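Biologist: I would like to learn how to read a structure like this one. Could we go through some features in turn?

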Amino acid sequence: MQRITLCLTIFVALLVSRCSDNSEQIKPNVIIIYVDDLGYGDVGCYGATGVKTPNIDALAAGGVKFSDAHSPSSTCTPSRYSLLTGTFAFRNKAVVLKGDASLIIEPGSQTLPSLFSKAGYTTAVIGKWHLGLGDGCINWNDSIKPGPREIGFDYSFLIPATGDRVPTVYIEDYHVVGLDPEDPIEVSYISKIGDRPTGLSYPELLKQPADRQHSNTITNGISRIGFMAGGKTALWKDEDFPFVLTEKAKIFIEKNKKNPFFLYFSFHDIHVPRIPNEQFVGSSTMGPRGDVIAQMDWCTGEIVKYLEMLNIHQKTLIIFSSDNGPVLNDGYSDNCVEMLGDHKPSGPFRGGKYSSFEAGTRVPTISYWPGKIIPGESDALLTQVDLLASLSSLINVPVEHSDSKDHLDAWLGLSETGRDIMLEESYVLGLRKGEWKYIPGSDKDNDWIENTKKIESGISPEDKLYNLRTDPDESVNVAEKYPEMLIEMKAALETILGAEYEDNRKAEAK
Ligand code: NG6
Ligand code: CA
């Protein structure tokens, strides 16, 4: 009798586990934790020395840590465009947007959130947006649309563009949070409006000195790009970002703990202005830039702990990554250069944000799904452009897409085979094929990146070919030594770009 009971118990347990396996396989929650401007070497498990990131390190230890995973582009808007649409940014000429730009994703088009919706998920974006809002002329005091809701998100709580651009207010679904109708918001990226002081006229009011471009309207003691009037009761406090955004994420998770959800949790950190909450001031040896890394690590840990508390961590796939590589001085004087010490934001790679060298797009990337993903490391060549096809395959709404490819097995650490050929977008395009990297010659101006940002841009007239296996920091151009490989890479890039790209380029040059 005892034996029969035992066998029955095992049988039922197996059945339950298979059923739950199946349902989990089809509908795990998915959270993309998207950090802004986080470099390859900026977290502990990737070699950071000036700051500790125990929560991210724990994700890497319990998940798959990727060594060759890439953001689609070396700047924000193009990367986010590609992440959400699965389409290369050059196809839509996506560039870093002003804070009053229109939505650059076609309403109703196929996007990551719309695919999740199709699979029965509740979807949300919380944090930095920077993909434009409205369809021409935004009235910040009215219903702001089209926006995230029109491209598949059920809920949105946004920093509309970046922390350094006006308007410095949150937008929840269609409306500015806390707006007093008697004090309407006006925004201009052309000329000064309203009577708020600017950084140029009142530098003594600033928490951090700024360059000319970041010296327009001051809000919360920080001068921004662009001018803004009104909206006094709605202004954000930069120091509150970690708490406000994490709280909104927790509320969304709690509300949806019983249904499958997709959360695109997009941090302001570690973009400029880097204004850590007092709780994190001094938590690194690198000043504000290190402190906001610690802050961002804390936010990551809060989400993981919350999933565990709700006991849904084993039903949740987390993908942690960044939208582009690192930058030090990006407009504000926050001592990031002086206090860097031996910390290497780009890790062993060359370049950084804005650059076509590897550090422009090669970013810390971790997949974490306790009980499902077997912890380990992977050298698979991956790009976030593929998350559209890969995650849609995970939730069983597979798509055929010309740019986004299904590499789900690699993203889950089940295979080391990622991309054969991979595009890296920046001010010029780069191409990877296995250990080879090609950067076409270009006559574009590189002065702004090289001299103002002090980042090696990768832009120069000659074609460049590197072998990353023997030369990971792209220091020896072997284009002349391997002419056949150069021809092969050129042809591969032309195939991706297509005739239309070349026609546009010629038309622009005229
Ligand atoms: C640049 C800003 C920079 C940053 C960047 C966008 C300068 C002089 N200004 O125009 O501070 O806001 O846009 O960064 O570089 S991103 O991460 O959103 O792409
Ligand atoms: Ca960025």
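Modeller: Start with Asp386, which is buried, with a relative accessible area of 0%. Keep in mind that this is a predicted model.

Biologist: Which residue does Asp386 meet in a salt bridge?

Modeller: The general idea is to look for a side-chain nitrogen of Lys or Arg within 4 Å of a carboxyl oxygen of Asp or Glu. Here the partner of Asp386 is Arg419, with 2.6 Å from N to O.

Biologist: Is Asp420 buried or exposed?

Modeller: A residue counts as exposed when its relative accessible area is over 50%. Asp420 has 52%, so Asp420 is exposed. Asp420 forms a salt bridge with Lys433, where the closest N and O atoms are 3.5 Å apart. That pair links distant parts of the chain: Lys433 is in strand β18 (residues 430-433), while Asp420 is in the loop between α8 and β17, 13 residues away.

Biologist: What does Lys437 pair with?

Modeller: Lys437 meets Glu424 in a salt bridge at 3.1 Å, N to O. Lys437 belongs to strand β19 (residues 436-439) and Glu424 to strand β17, so this pair joins parts that are 13 residues apart in sequence. Both Lys437 and Glu424 are buried. They also take part in a network of salt bridges that includes Asp68, Glu358, Arg362, Arg432 and Glu474.

Biologist: How many salt bridges are there?

Modeller: The count comes to 31.

Biologist: Next, the ligand. Which residues come nearest to ligand 1?

Modeller: Of the 20 residues around ligand 1, the nearest are Asp164, Gln213, His214, Lys353 and Lys453. By class, this shell has five nonpolar, seven polar and eight charged residues. For contacts, look at distances between polar atoms. A polar side-chain atom of Lys353 is 2.8 Å from an oxygen atom of ligand 1, and a backbone N or O atom of Cys76 is 2.9 Å from an oxygen atom of the ligand. Taken alone, ligand 1 exposes 450 Å², and the protein buries 94% of that.

Biologist: Where does Thr53 lie?

Modeller: Thr53 is in the loop between β1 (29-35) and α2 (54-62). Thr53 is buried, with a relative accessible area of 0%, and its side chain reaches the backbone nitrogen of Gly44 at 2.7 Å.

Technical notes
Residues are numbered from 1 along each chain as its sequence is written. Chains are lettered from A and ligands numbered from 1 in the order in which they are written. This is a predicted model: local features need pLDDT of at least 70, side-chain atom pairs count only at pLDDT 80 or more; totals for chains, interfaces and linings use all residues. Side-chain values use heavy atoms; hydrogens and water are left out. A residue is near a molecule or strand if one of its heavy atoms lies within 4 Å of it. A polar contact is a pair of N or O atoms within 3.5 Å; within protein, one must be able to donate a hydrogen and the other to accept it, and residues adjacent in sequence count only if both atoms are side-chain atoms. Accessible areas come from the Shrake-Rupley method with a 1.4 Å probe; for residues, only the protein chains shown count as cover. Ala, Val, Leu, Ile, Met, Phe, Trp, Tyr, Cys and Pro count as nonpolar, Asp, Glu, Lys and Arg as charged, and the others, Gly among them, as polar. Helices (H or I, at least four residues) and strands (E, at least two) are DSSP runs, numbered from the N terminus. Buried means under 20% relative accessible area, exposed over 50%, partly exposed in between (1.4 Å probe, protein chains only).
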